[in-house]
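User: I am new to reading models like this one. Can we go through some of the labels and check each against its rule?

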Amino acid sequence: MNDLIAAARDAQDRAHVPYSEYRVGAALETTDGAVFTGCNLENANYSNSLHAEEVAVAEAVKNGHREFSRLAVSSDRRDGVTPCGMCRQTLAEFCDDDLAVICDEGGDDVTEYTLGELLPNTISEETLE
């Protein structure tokens, strides 16, 4: 788990956050052990900003991965940041409810959730039929 948090912390260092000054990094681990990272990338038109979790998902999917086991999320404030609702829905598109979501509280402290706990009754392909 410490390696995944370290990867998320490393990714947040590359965030582009001139407006909020709130750096977020994410590290998404595939079921075969590969790790893909993302950081938040802000845009003056806020709706065009990218969140760290969705950047990590995009990188993994772009590289042919569709099965994930864990996600670590860290902010420069070490405040236990969790994925926002939009990111939770993006994760739900590619991950099962039992995806471990590890949130950085600082030092060696983390809080762990499952995606299902963070986003119950998600919108899915089945709900759209």
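Analyst: Start with the words helix and strand. A helix is a DSSP run of H or I with at least four residues, numbered from the N terminus. The model here is predicted. Asparagine 121 sits in the loop between helix 4 (115-118) and helix 5 (125-128).

User: Why is asparagine 121 called exposed?

Analyst: Its relative accessible area is 80%.

User: What makes the phi of asparagine 121 worth a remark?

Analyst: Phi is positive there, about 55°, although asparagine 121 is not a glycine. Glutamate 21 is another non-glycine residue with a positive phi, near 55°. Glutamate 21 belongs to the loop between helix 1 (2-12) and strand 1. With a relative accessible area of 55%, glutamate 21 is exposed, because the cut-off is over 50%.

User: How do you know that strand 1 and strand 3 pair?

Analyst: Count the bridges. Strand 1 (residues 24-30) and strand 3 are joined by seven. Pairing needs at least two, so these strands pair. They run antiparallel. One example is threonine 30, whose bridge partner in strand 3 is phenylalanine 68.

User: What joins strand 3 to strand 4, and how do they run?

Analyst: Four bridges join strand 3 to strand 4 (residues 100-106), and the two run parallel. Again the rule asks for at least two bridges, so strand 3 and strand 4 pair. Alanine 72 has isoleucine 102 as its bridge partner in strand 4. Between these strands the chain passes through helix 3 (residues 85-94), and this β-α-β crossover is right-handed.

User: What makes strand 3 mostly covered?

Analyst: Six of the eight residues in strand 3 (residues 68-75) are buried.

User: Why is cysteine 84 called partly exposed, and cysteine 87 buried?

Analyst: Use the cut-offs. Cysteine 84 has 29% relative accessibility, which falls between 20% and 50%, so it is partly exposed. Cysteine 87 has 1%, under 20%, so cysteine 87 is buried. Cysteine 84 lies in the loop between strand 3 and helix 3. Cysteine 87 lies in helix 3. An unreviewed UniProt entry annotates Cys84 and Cys87 as "binding site". From this set, Cys84 is part of the lining of the largest pocket.

User: Where is glutamate 53 found, and why does it count as buried?

Analyst: Glutamate 53 is in helix 2 (residues 52-62). Its 5% relative accessibility is under 20%, so glutamate 53 counts as buried. The unreviewed UniProt entry lists Glu53 for "active site". Residues touched by glutamate 53, leaving out those up to four places away in sequence, include Leu71, Thr82 and Cys87. With the same exclusion, cysteine 87 touches His51, Glu53 and Glu54.

Notes. Residues numbered from 1 in each chain as written. Predicted model: local features only at pLDDT ≥ 70, side-chain atom pairs only at ≥ 80, totals over all residues. Heavy atoms only, no water. Buried < 20%, exposed > 50% of the residue type's maximum accessible area, 1.4 Å probe, protein only. Right-handed = clockwise from strand over helix to strand, strands pointing away. UniProt positions renumbered as here; feature names shortened; annotations may be inferred. 1 Å grid on protein atoms, 1.4 Å probe; cavity = no way out; pocket = protein on both sides within 12 Å on 5 of 7 lines; lining within 4 Å. Contact = heavy atoms within 4.5 Å.
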